[in-house]
Amino acid sequence: MGDRFVSDRIVNFAPGPAALPEPVLREAQEALWDLNGSGIGVLEHSHRSRVIDDLFARTEADCRTLAGIPDEYRILFLQGGASTQFAMLPANLLPEGATADYLHTGSWSKKAMVEARRYGNVHIAASSEPEKFSYIPSRSDAQYSERPTYVHFTSNNTIVGTQFREEPVPPDGSWLACDACSDVFSRPIDIRRYGVLYAGAQKNLGPAGVTLVVIRQDLLERAARDLPTMLRYGIHAEQGSRYNTPPVFGIYVLGRVIRWLLDRGGLEATAAVNQAKARLVYDAIDASGFFRGTAREDSRSLMNVTYRAPSVELEADFVSEAEAQGLSGLKGHRSVGGMRASLYNAFPESGCEALVQFMKDFEARRG
Ligand code: PMP
């Protein structure tokens, strides 16, 4: 095997924080020293300076262009990760006594429901738990409550490697809320179907510490209860995500990643690349008599490819030998075991080719 796959950067299959586009990392290095010729580094600028005003405005405008986000939606850059959104969403928008419907597709939806129950009723409209979350319930599987305030789904399930192919269709008068942490901006999206979409940046968009929230303007006026100021969507919208000191560096990197996606041709082009990358790995799994995918075929995620080898010992060897070959981060989530290759937007196709080659070699030696 030699050192065939070892380069000066390790191939990083980590599930998040995850690989970022190399041109963005290079730019960020320069920006640490001097942001856009301002003579001050990005970490040192006041968040209320002109330079940062421009940076925020450009980042928001680029997000709108990339994902076709119209004016009646607000784009917020918040802190606290998606885990804070699990609570902020129902705290702001689920009135006491009202019901929100959740599609239960893994441990992230479970955590989201735990928070929602603090504020209102939660109805599980569909659940793949009896089948170990190995599939995404179909549109016709969902049994919605009478008049849910919203319908929440996790568009990509990072741990089990499943992904919605199409959005659920909420009942009339209800709107969609989406935890899009692990597939945000990985394919075209019709944001008009959504009331709220949120995503921690650390998989597809940038570093940990900034959370993207896209929220329909009219929902901002519906504060369901009195909340601490920092937990109110309305205040962050009113103050342009600068009620307090925002995570400027994270927003800067997010902005560069969005630019990089635009320069590559936008979400259509990105989706085509993501499909090609995932196909390489799934084809290798399907062609092998040794590896076995864990998600049902119609529910497979393009972002997190989860699979197993015939024994946990072989899996442990696979992961450690891959690591020694410069293929890092392939260990599955501790709650499910096996292997997981995370292939977010910035993950290079060459990394998938290297993985497939390693899988073939491993199977030939150990199968
Ligand atoms: N939802 C999903 C689908 C995730 O993958 C994660 C993180 N892995 C989270 C929520 C939690 O995000 P955070 O760590 O930003 O709170």
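Reply: Buried means under 20% relative accessible area, exposed over 50%, and partly exposed in between (1.4 Å probe, protein chains only). Helices (H or I, at least four residues) and strands (E, at least two) are DSSP runs numbered from the N terminus. The model is predicted: local features need pLDDT of at least 70, side-chain atom pairs count only at pLDDT 80 or more, and totals for chains, interfaces and linings use all residues. Residues are numbered from 1 along each chain as its sequence is written, and side-chain values use heavy atoms, without hydrogens and water.

Me: Why is strand β8 called largely enclosed by the rest of the structure?

Reply: Five of the five residues of β8 (residues 175-179) are buried, so the strand is largely enclosed. Trp175, Ala177 and Asp179 are buried on one side, and Leu176 and Cys178 on the other.

Me: What makes β5 and β8 a pair?

Reply: Two strands pair if DSSP finds at least two bridges between them. Five bridges join β5 (residues 150-154) to β8, and the two strands run parallel; His152 stands opposite Ala177. β8 also pairs with β9 (residues 194-200), in the parallel sense, over four bridges, with Tyr198 as the partner of Asp179.

Me: Why are helices α2 and α6 called oblique to each other?

Reply: Angles under 35 degrees count as roughly parallel, over 145 as roughly antiparallel, 65 to 115 as roughly perpendicular and the rest as oblique. α2 (residues 50-67) and α6 (residues 248-263) pack at about 40 degrees, and are therefore oblique.

Key:
Axes fitted to C-alpha atoms, helices over the stretch in contact; angles between N-to-C directions.
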